[in-house]
Amino acid sequence: MAHIPSGGAPAAGAAPMGPQYCVCKVELSVSGQNLLDRDVTSKSDPFCVLFTENNGRWIEYDRTETAINNLNPAFSKKFVLDYHFEEVQKLKFALFDQDKSSMRLDEHDFLGQFSCSLGTIVSSKKITRPLLLLNDKPAGKGLITIAAQELSDNRVITLSLAGRRLDKKDLFGKSDPFLEFYKPGDDGKWMLVHRTEVIKYTLDPVWKPFTVPLVSLCDGDMEKPIQLEFECINPKKQRKKKNYKNSGIIILRSCKINRDYSFLDYILGGCQLMFTVGIDFTASNGNPLDPSSLHYINPMGTNEYLSAIWAVGQIIQDYDSDKMFPALGFGAQLPPDWKVSHEFAINFNPTNPFCSGVDGIAQAYSACLPHIRFYGPTNFSPIVNHVARFAAQATQQQTATQYFILLIITDGVISDMEETRHAVVQASKLPMSIIIVGVGNADFAAMEFLDGDSRMLRSHTGEEAARDIVQFVPFREFRNAAKETLAKAVLAELPQQVVQYFKHKNLPPTNSEPA
């Protein structure tokens, strides 16, 4: 998709437009383990507060219920958030011991906190991390577990439940019954989905109707309408009473849904986004020691190349478990023989071109500048083919395991257009996408030609691309915009491209059954 607004640069903080952005609902389930005990005569009564970051400030988003006398709570209340793939959504989970009925957090004892991005949780599906105190020291042995579940649509199920002839459990009165619903997690353990209200002093309760998302209740795994009658069995009574039948019954009705895998399904299912950066070191960029050079690193420690790396990398790095990314350069002469290379590791380690996270890419980029000579020409095909070789190996996968993303940052016209067209057409058959960010003020018509929005790209032999895998964005359109705006434009089509490939190949998410 060529993103060239006709009205000039987009306004700072402008909202993304159109349906191409990946926006859906994510439900987060929270539990705690080994929490600090802040109460003297009993255990802590913990509750969890979720904060989201807004312009550098933490804003309270929602709270769970309070778990009474429990150092290992599994909270029934879920946090539901809008998930935006193309944004870094920072979250903070803070646990408190409820001491009063006050809503003010400073009137409750602090038990620990944990911060991360929503992408980190989604890419792992479930994480367990240590809780920290405000001084960043461990909160005892306290841990927090957060599990992510996609709410792929707005369909919900409303249940009206009643109990009949339940057992009497209280010594001086009737029972105080409530229901808990559990579903099996990926680790084989049961996960609390919903807890009804408690109804006091009755053996024939009628609970208020309640509504839960279908995927929350059963992961959407419901093939046909069912009506089940559950008997409540008390094993002790069953062993003692010869004519024991049951301890009451519960009637439950449910419904049918169909599965249609989304981008988030593939990410939650374990698909890794494999990120590679290709950087243009041709002479047209200018001497990096000259402030007019596109590779000149200003006193703020950045330039357009670094800005593009950060915009894409800070999002993608959450979706790669080891966060080790190859960073390649092209169009430069390399020591010691000063031969031109169009496919070299910017850390000068050809057998291990990986950099640790986006920070590692930025450091390797800055470190290599004094040791190479900018030259030319501007050849894209070697780097496209480099990543395509790895993507071709991933075609042997039986499920959606890996998808490759190549970010090319360049300042000028492609010299090997025929070879690049052919390389892109071949790559369109693979689990691979190409993002091109044009820096500087050059003519980028060739880049727009590679982006197949208006017409499908063809190679010089006439072969048509299997799908559009190129996204071109000119950096100059975002110089005066909020930094998040570039990431949104650059990554707008990626979720759609990932889904399109895996659906065409009929590959389900790794941790799911085929639709």
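How many aromatic pairs does the count come to? By the rule that ring centres of Phe, Tyr and Trp (its six-membered ring) lie within 6.5 Å, the count is 17 aromatic pairs.

Before you start, note that this is a predicted model, where local features need pLDDT of at least 70, side-chain atom pairs count only at pLDDT 80 or more, and totals for chains, interfaces and linings use all residues. Residues are numbered from 1 along each chain as its sequence is written, and side-chain values use heavy atoms, leaving out hydrogens and water.

Select tyrosine 266 and phenylalanine 502. Their rings form a tilted pair, 5.2 Å centre to centre with 35° between the planes; planes under 30 degrees apart would be stacked, over 60 edge-to-face, and the rest are tilted. Tyrosine 266 sits in helix H4 (residues 263–268) and phenylalanine 502 in helix H11 (residues 494–504), so the pair ties together parts 236 residues apart in sequence. Helices here are DSSP runs (H or I, at least four residues), and strands are E runs of at least two, numbered from the N terminus. Both tyrosine 266 and phenylalanine 502 are buried, meaning under 20% relative accessible area with a 1.4 Å probe, protein chains only.

Next, select phenylalanine 444 and phenylalanine 472, another tilted pair, 5.5 Å centre to centre and 55° between the planes. Phenylalanine 444 is in the loop between strand S24 (432–438) and helix H9 (445–450), and phenylalanine 472 in strand S25 (residues 470–474). Phenylalanine 444 is buried at 2% relative accessible area, and phenylalanine 472 at 0%.

Finally, pick valine 122. Leaving aside neighbours within four places in sequence, valine 122 is in contact (heavy atoms within 4.5 Å) with residues including Val26, Tyr83 and Tyr319.

Note on methods
Buried < 20%, exposed > 50% of the residue type's maximum accessible area, 1.4 Å probe, protein only.
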